[in-house]
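Hi there,

Here is the structure I promised to pass on.

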Amino acid sequence: GIHAQIGVLPVTAGRAHQQRRRPLPAVARLRELYDMRLSNDAIIRAEQRWEKGDVAAARAALATALSLAHGWDRTWARAARLAMRQGDTALAREY
């Protein structure tokens, strides 16, 4: 039905006071994968900003990348390498 097409479960009749809809597991997984893609884009931006000498923008992009990574080890490893290139070994160890 329409609920499956838009990716939400219908509100049950006995719970009219709860108007929130829960995303279907497949939709939630797609969102996670999309976030991971955005995370990859952000880590690339961080590396590019670092190469151009814009450390503040690199760190901001790095923070964005990690916030969207969902524990993706590829992003965390790249973040650690970037921190090492910046000479921040303490931050690299955190990653």
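A definition to start with: a residue is called buried under 20% relative accessible area, exposed over 50%, and partly exposed in between, using a 1.4 Å probe and protein chains only. With that in hand, Ala65 is buried, with a relative accessible area of 0%.

Before going on, please keep in mind that this is a predicted model, in which local features need pLDDT of at least 70 and side-chain atom pairs count only at pLDDT 80 or more, while totals for chains, interfaces and linings use all residues. Residues are numbered from 1 along each chain as its sequence is written, and side-chain values use heavy atoms, with hydrogens and water left out.

**The overall picture**

The chain has 5 helices and 0 strands, where helices (H or I, at least four residues) and strands (E, at least two) are DSSP runs numbered from the N terminus. Read from the N terminus on, the elements are α-α-α-α-α. Of the 95 residues in the chain, 27% are buried. The accessible surface comes to about 6600 Å², and 55% of it belongs to carbon and sulfur atoms; these areas come from the Shrake-Rupley method with a 1.4 Å probe, and for residues only the protein chains shown count as cover. Among contacts in the chain with a separation of 6 or more, 41% are between residues 24 or more positions apart. Contact here means heavy atoms within 4.5 Å.

**How α2 and α4 meet**

Two packed helices are described by the angle between their axes and the distance between the axes. For helix α2 (residues 25–51) and helix α4 (residues 73–85), the axes come within 10 Å and cross at roughly 10 degrees. Axes are lines fitted to C-alpha atoms, for helices over the stretch in contact, and angles run from 0 to 180 degrees between N-to-C directions. Angles under 35 degrees count as roughly parallel, over 145 as roughly antiparallel, 65 to 115 as roughly perpendicular and the rest as oblique. α2 and α4 are therefore roughly parallel to each other.

On the α2 side the contact is made by Ser39, Asn40, Ile43, Ile44, Ala46, Glu47, Trp50 and Glu51, and on the α4 side by Arg74, Thr75, Arg78, Ala79, Leu82 and Arg85. Sorted by class, this contact of α2 with α4 has 6 nonpolar, 3 polar and 5 charged residues. Ala, Val, Leu, Ile, Met, Phe, Trp, Tyr, Cys and Pro count as nonpolar, Asp, Glu, Lys and Arg as charged, and the others, Gly among them, as polar.

**The core**

Which residues form the largest nonpolar core? There are 9 of them: Ala42, Ile43, Ala46, Ala61, Leu62, Ala65, Leu66, Ala79 and Leu82. A nonpolar core is a set of buried Ala, Val, Leu, Ile, Met, Phe, Trp, Tyr and Cys residues joined through side-chain atoms within 4.5 Å. α2, α3 (55–67) and α4 each supply at least two residues of this core, with the largest share, 4 residues, coming from α3.

Back to Ala65, whose place is in helix α3. Not counting residues up to four places away in sequence, Ala65 touches Ser39, Ala42, Ile43 and Thr75. Ser39, in helix α2, is also buried, with a relative accessible area of 0%. Leu66, leaving aside its neighbours within four places in sequence, is in contact with Thr75, Trp76, Ala79 and Tyr95.

**Around the α3–α4 loop**

His70 lies in the loop between α3 and α4 and counts as partly exposed, at 43% relative accessibility. Most residues other than glycine have a negative phi. The phi of His70, however, is positive, near 50 degrees. Asp35 of helix α2 is buried at 9% relative accessibility and, leaving aside neighbours within four places in sequence, is in contact with Leu68 and His70. Gly71 is found in that loop between α3 and α4 too, and is exposed, with a relative accessible area of 61%.

Best wishes
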